[in-house]
Amino acid sequence: MKTRGQKRILPGFGLTMGFTLVYLSLIVLIPLSTLFLKASSLSLREIGDIIMTSRSLAAYRLSFGASFAAAGINAVFGLIVAWVLVRYKFWGKALLDGLVDLPFALPTAVAGISLTTLYSEKGWLGGVLAEVGIKAAYTRLGIVIALTFIGLPFVVRTLQPVIREIDPEVEEASAGLGARRWQTFLYVIFPNLLPALLTGFALAFARALGEYGSVVFISGNMPNKTEIVPLLIMTKFEEYDYAGATAIAASMLVLSFLLLLTINLLQWWSRRHHAVA
Amino acid sequence: MLSLKKNRAANAASQPRLVRRILIGSTVLFLGLFLLLPLIAVFAYALEQGGTAYWMAIKQPEALAALRLTLMTVAVAAPLNALFGIAAAWAIAKFEFRGKNILITLIDLPFTVSPVIAGAMFVLLFGARSAMGGWLLDRGIQIIFAPPGIFIATIFVTFPLVARELIPLMQALGNDDEEAAVSLGAGPLQTFWRITLPNIRWGLLYGVVLCVARAMGEFGAVSVVSGHIRGVTNTMPLQIEILYNEYDYVAAFSVASLLALVSLVTLGGKKIFEWKSRQHIIDQSAYSAQGGPVESTAS
């Protein structure tokens with residue numbers, strides 16, 4: 001390894017770097033490559049046979065659909081929440097702002113049983129919904145609710161710093177040039193927020209795709225109906241169908257890495273966008 | 001003058017009162033419904049049958065065994081990841097080398113892996129059917145469906161947490177303090193203990209708090225590797241699942257409320273950490289204003 005330009009005065013590079021690389025390899029890289037190695041021992045046809053069953057396809061469709069819906073809800077409400085928390089002062093704001101991180105902090109199993117009980121027909125919210133004929137727990141709606149919960153901080157926390165940085169003078173200028181408030185928002189503010197909004201959406205979507213703990217309780221876990229992909233992997237493991245579990249897990253991993261790449265590109269775009277604006 | 005200008009800007013940048021009320025109203029409603037209510041519900045359901053039932057549920061031997069295993073998992077995962085976090089942050093923040101961004105991305109990798117898939121990896125690596133698992137089993141070492149599997153899966157899931165807090169912090173602090181100490185003849189350990197550690201202690205503490213909370217609450221990854229053996233390989237979240245599936249709701253929510261309390265501690269910890277680090281930066285700039293060395297990279 002070379003240092004660029006500067007002379008290395010501080011000690012410990014070899015030791016810390018060595019430990020970092022060894023630990024990273026043992027805990028992350030070797031286990032991950034084991035999974036891909038196992039998956040590559042299957043032929044494409046075998047993988048196709050596993051993924052193309054109606055049960056797997058239903059699980060993929062549900063996981064993507066529900067994650068997309070939840071990330072969408074979070075994009076809309078997350079934008080409002082972030083805007084309100086940055087721009088307005090009101091009683092209880094600090095508490096709400098601190099609470100936004102709750103889905104990061106609360107164990108998923110705890111969130112899972114709490115949401116399920118709340119939305120079951122006897123629960124506080126499920127009872128209200130049942131009266132208007134909506135069933136939430138043990139349906140796809142319940143899955144979307146759980147995924148909205150766990151994805152909520154992503155959009156808010158990516159948007160807040162960007163909203164904070166918008167110069168009021170830009171809005172002032174827009175208003176001074178005769179723009180209405182909604183025009184200023186739509187043509188001046190929103191384009192500035194778009195990269196961060198998309199990043200938050202992608203982060204929430206990626207998190208929702210892999211989520212397990214908060215969903216298993218509320219989903220009811222009916223094959224073909226309310227079975228998400230992580231649960232399908234779990235079931236395959238419990239049935240000792242290691243090949244099936246490996247193939248589905250590897251396919252999901254590839255998708256998450258592609259999402260990670262997209263998120264990095266979005267963030268890069270966001271930074272560049274910001275530098276220009 | 002200035003306040004006048006500010007005022008006009010505020011007017012141009014604000015919404016009519018009605019729009020503002022609708023926006024604040026929907027924020028309060030959305031966060032109240034999706035965040036506050038589930039949190040309150042955990043405690044409400046736990047205490048539904050009074051304090052005695054709550055206490056009895058927590059004192060059950062299986063719940064206590066789950067608590068013990070959970071604390072053991074924390075005791076293994078948190079120190080290792082803290083050590084890793086310090087080492088990685090030192091190497092990344094203090095030195096320039098090629099591939100630094102790739103290394104940072106690799107450290108973040110466990111966040112993009114679904115917990116279930118994380119557990120699956122370790123079953124494939126150490127399970128009885130794998131080469132390594134079979135070899136270890138022949139020597140009487142069981143990893144999967146035993147506590148070591150739970151430890152490893154938890155280490156994986158909480159892997160980036162401390163490093164993530166420390167890398168940006170140490171990058172912002174810069175190298176000046178340490179370089180001064182070394183050029184004045186301080187040894188490597190002395191420099192670390194006397195200079196670096198006091199500077200990063202709040203960030204380190206917050207990273208460890210995050211790591212502890214996540215290690216206690218991890219469910220998906222641990223679920224795959226544990227085998228759900230009662231009293232032996234059940235952590236608190238797994239115990240919650242069992243109690244809930246047996247319709248013992250009060251007991252399930254009682255154990256859950258303990259984890260919810262831990263998560264509230266982390267939320268409070270975040271506020272304290274933010275406050276402390278702001279204070280630290282203020283202290284530093286006051287010091288510079290008095291003619292002390294100027295923080296060149298603190299931005």
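This is a predicted model: local features need pLDDT of at least 70, side-chain atom pairs count only at pLDDT 80 or more; totals for chains, interfaces and linings use all residues.
Residues are numbered from 1 along each chain as written, and chains are lettered from A in the order in which they are written. Local features need pLDDT of at least 70, side-chain atom pairs count only at pLDDT 80 or more, totals for chains, interfaces and linings use all residues, and side-chain values use heavy atoms, leaving out hydrogens and water.

**Exercise 1.** Find how many helices and strands chain B has.

*Solution.* Start from the DSSP runs: helices are H or I with at least four residues, strands E with at least two. Counting these along chain B gives 14 helices and zero strands.

**Exercise 2.** Work out which residues B:Phe122 touches, leaving out those up to four places away in sequence.

*Solution.* Take contact as heavy atoms within 4.5 Å. In chain A, the partners are A:Ile27 and A:Pro31. In chain B, they are B:Gly127, B:Ile144, B:Ile152, B:Ala153, B:Phe156 and B:Val225.

**Exercise 3.** Describe the interface of chain A and chain B.

*Solution.* First, list the residues: 90 from chain A and 86 from chain B take part in the contact. Next, find the buried area, the accessible area (1.4 Å probe) that two parts lose on being put together, summed over both. The two chains bury about 8,300 Å², with 78% of it on carbon and sulfur atoms. Last, look for salt bridges (a side-chain nitrogen of Lys or Arg within 4 Å of a carboxyl oxygen of Asp or Glu). The rule finds two across this interface. B:Lys270 forms a salt bridge with A:Asp101, their closest N and O atoms lying 2.6 Å apart.
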